[in-house]
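This report describes a few parts of one protein model. Please look at the sequence and the structure before reading on.

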Amino acid sequence: MQHGPAVRRRKLGEELRALRDRSGLTSGEAARLAGWHQSKISRIETGRSGVKPDDIRLLLDVYGEIVSPRQRALLEALSASASVPGPADGSGRSRQWWHDYRGLLPQEYRDFISLEAGARSARTVELSVVPGLLQTPGYARAVTRAALGGLPEPKVDALVEVRLARQSVLRSDPPLELSAVLDEAVLRRQIGGPGVMAEQLGHLVEVARLPHVRLQVLPFSVGGHLGLTGPFVIFSFPNIADLDVVVLDHLTSSLYLERKEDLEAYSAAFRTIQAHALPPQDSSDLIGTLADDA
């Protein structure tokens with residue numbers, strides 16, 4: 001089980017170490033040419049610390065002509081995705097908005113949010129609940145209470161705030177492109193009661209009209225399908241397909257998959273599930289009907 005940005009730091013470190021070996025430089029020689037201490041090279045190559053894109057560019061200049069333009073683009077993108085920048089705090093330093101909730105959110109959830117914030121697109125299959133990016137406040141509160149029973153109300157409030165803050169990626173410029181396939185059970189499960197569900201279903205109809213959101217329903221009539229193995233999200237990042245990552249969510253942890261064969265398998269599974277789902281307009285019609293009946 002691995003954290004998102006930590007995975008990126010390790011991958012970045014491995015690539016940089018391979019380039020240094022190809023250049024024939026020792027870590028000490030590379031550090032001297034970059035004007036750094038040797039320990040900085042070591043921390044970067046082992047993934048123990050992040051590295052700024054400016055430092056990456058300097059290091060790649062040190063390694064010279066062995067670095068292809070594609071490698072340079074990949075490594076610069078990796079350094080950015082390992083730590084997604086956010087607005088500056090009072091000290092002028094760049095930080096992420098979810099930093100304010102670090103005492104409440106487990107590291108894995110913060111890692112997930114960082115990947116979501118830096119992605120160009122997300123493809124997701126959900127079997128039980130509406131995806132967090134599409135939840136109404138009432139629905140988010142009901143889900144949080146059900147999943148984390150006994151949690152004090154102030155913490156429930158804070159977790160709902162985080163869920164709603166995440167949705168800003170759908171309003172950013174450019175917005176996150178979201179393709180979601182929901183099992184019909186998601187629409188029929190009465191979470192929070194009829195009023196909450198009616199509002200949630202109505203919200204799904206509205207958000208499905210956004211040009212960057214594709215929402216489909218997988219009807220019960222399909223029977224067994226690939227998605228029965230569990231929900232998943234595939235994040236894709238700007239320009240470099242090699243940065244794509246699959247996230248599998250479990251009760252107490254998340255698994256991040258970045259191997260090419262895993263990405264191909266889950267991408268193929270998503271296409272198959274999407275092909276068996278109702279078209280977007282038919283999906284919206286079904287959701288609207290259920291909203292009227294709620």
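**Two packed helices**

Ala30, Leu33 and Ala34 of helix H2 are in contact with Leu58, Leu59, Val62 and Tyr63 of helix H4, where contact means heavy atoms within 4.5 Å. The model is a predicted one, in which local features need pLDDT of at least 70 and side-chain atom pairs count only at pLDDT 80 or more, while totals for chains, interfaces and linings use all residues. Residues are numbered from 1 along each chain as its sequence is written, and side-chain values use heavy atoms, with hydrogens and water left out.

The contact of H2 with H4 is made up of 7 nonpolar residues, no polar and no charged ones. Here Ala, Val, Leu, Ile, Met, Phe, Trp, Tyr, Cys and Pro count as nonpolar, Asp, Glu, Lys and Arg as charged, and the others, Gly among them, as polar. Two packed helices are described by the angle between their axes and the distance between the axes. For H2 (residues 27–34) and H4 (residues 53–63), the angle is about 115° and the axes are 10 Å apart. Axes are lines fitted to C-alpha atoms, for helices over the stretch in contact, and angles run from 0 to 180 degrees between N-to-C directions. Helices (H or I, at least four residues) and strands (E, at least two) are DSSP runs, numbered from the N terminus.

**The sheet**

An open sheet of 6 strands has the order S3-S2-S1-S4-S5-S6, with mixed pairing; two strands pair if DSSP finds at least two bridges between them. Strand S3 (213–218) and strand S6 (254–257) each have a single partner strand, so one side of each has no neighbour in the sheet. Strands S1 (residues 121–126) and S4 (residues 232–236) run antiparallel and are joined by 5 bridges. In one of these, valine 125 has phenylalanine 232 of S4 as its partner. Helix H6 (residues 107–118) packs on the sheet and touches S4, strand S5 (245–249) and S6.

**Two buried residues**

Buried means under 20% relative accessible area, exposed over 50%, and partly exposed in between (1.4 Å probe, protein chains only).

| Residue | Relative accessible area |
|---|---|
| Glutamate 116 | 3% |
| Leucine 290 | 12% |

Glutamate 116 lies in H6. Its side chain forms a polar contact of 2.8 Å with that of arginine 166. A polar contact is a pair of N or O atoms within 3.5 Å; within protein, one must be able to donate a hydrogen and the other to accept it, and residues adjacent in sequence count only if both atoms are side-chain atoms.

Leucine 290 lies in helix H12 (residues 280–293). Leucine 290 and leucine 187 are 103 residues apart in sequence and 7.7 Å apart in space, C-alpha to C-alpha.
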